Amino acid sequence: MSDETDTGRYLRLTVDLVVEVQDVKALQEAALAEIRHPDAELDDDERQEQIELVNADDTGAAALQWLIEPDHVLGLVEHVRDVEPREAMLGVEPSDGILEDEDEHDHDDHAH
């Protein structure tokens, strides 16, 4: 008997999203609550390390990483019920507030 995942199709979803953090302290407080929650599955050393990372980052990027769930991102996809996140790798970094197509020059030589 085959497992459902054996017949599944996998798609990699890449999303570039720029957010404006209007209250870094509130963002950090929300992240710290997540880190301290028992479901965070962190041992004491990991928990303390994450708390220090969030507190030391005045951009809010470290805090935001704790508050984004793959299920929430899939909420952006309408009319689809049978999609389940399998694996996620998240990167959050400071931005100047403008989305730039890093591959723009790579596509100049290809027909669209």
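Helices here are DSSP runs of H or I at least four residues long, numbered from the N terminus. Gln-28 is found in one of them, helix α1. Keep in mind that this is a predicted model.

**The overall picture**

Let's start with the whole chain. It has four helices and zero strands, so the order of elements from the N terminus is simply α-α-α-α. Of its 112 residues, 15% count as buried. The chain exposes about 10200 Å², and carbon and sulfur atoms supply 46% of that area. As for contacts with a separation of 6 or more, 58% of them are between residues 24 or more positions apart.

**The core**

Which residues make up the largest nonpolar core? There are 11 in all: Leu-27, Ala-31, Leu-32, Ile-35, Ala-40, Leu-42, Ile-51, Val-54, Ala-62, Ala-63 and Leu-64. Three helices, α1 (24-36), α2 (44-56) and α3 (61-67), each supply at least two residues of this core. The largest share comes from α1, with four residues.

Ala-40 is one of the core residues. Setting aside its neighbours within four places in sequence, Ala-40 is in contact with Glu-34, Ile-35, Arg-47 and Trp-66.

**How α1 and α2 pack**

Two packed helices are described by the angle between their axes and the distance between the axes. For α1 and α2, the angle is about 175° and the axes are 10 Å apart. Angles over 145 degrees count as roughly antiparallel, and α1 and α2 are therefore roughly antiparallel to each other. On the α1 side the contact is made by Gln-28, Ala-31, Leu-32, Ile-35 and Arg-36, while α2 brings Arg-47, Gln-50, Ile-51, Val-54 and Asn-55. Sorted by class, that makes five nonpolar, three polar and two charged residues.

Is Gln-28 buried or exposed? Buried means under 20% relative accessible area, so Gln-28 counts as buried at 5% relative accessibility. Leaving out neighbours within four places in sequence, Gln-28 is in contact with Val-54, Asn-55, Asp-57 and Ala-63.

**The loop residue Glu-41**

Glu-41 lies in the loop between α1 and α2. Its phi is near 55°, a positive value in a residue other than glycine. The cut-off for exposed is over 50%, so Glu-41, with a relative accessible area of 71%, is exposed.

Ala-61 is buried, with a relative accessible area of 11%. Ala-62 also counts as buried, at 16% relative accessibility. With neighbours up to four places away in sequence not counted, Ala-61 is in contact with Val-92 and Glu-93, whereas Ala-62 touches Leu-53, Val-54 and Asp-57.

Here are the C-alpha separations for each alanine and a residue well along the chain from it:

| Pair | Apart along the chain | C-alpha separation |
|---|---|---|
| Ala-61 and Gly-91 | 30 residues | 8.7 Å |
| Ala-62 and Leu-27 | 35 residues | 9.7 Å |

Both Ala-62 and Leu-27 are members of the largest nonpolar core. Val-54 is a core residue as well; it is among the contacts of Gln-28 and is touched by Ala-62.

Definitions and conventions
Residues are numbered from 1 along each chain as its sequence is written. This is a predicted model: local features need pLDDT of at least 70, side-chain atom pairs count only at pLDDT 80 or more; totals for chains, interfaces and linings use all residues. Side-chain values use heavy atoms; hydrogens and water are left out. A nonpolar core is a set of buried Ala, Val, Leu, Ile, Met, Phe, Trp, Tyr and Cys residues joined through side-chain atoms within 4.5 Å. Buried means under 20% relative accessible area, exposed over 50%, partly exposed in between (1.4 Å probe, protein chains only). Contact means heavy atoms within 4.5 Å. Axes are lines fitted to C-alpha atoms, for helices over the stretch in contact, and angles run from 0 to 180 degrees between N-to-C directions. Angles under 35 degrees count as roughly parallel, over 145 as roughly antiparallel, 65 to 115 as roughly perpendicular and the rest as oblique. Ala, Val, Leu, Ile, Met, Phe, Trp, Tyr, Cys and Pro count as nonpolar, Asp, Glu, Lys and Arg as charged, and the others, Gly among them, as polar. Accessible areas come from the Shrake-Rupley method with a 1.4 Å probe; for residues, only the protein chains shown count as cover.
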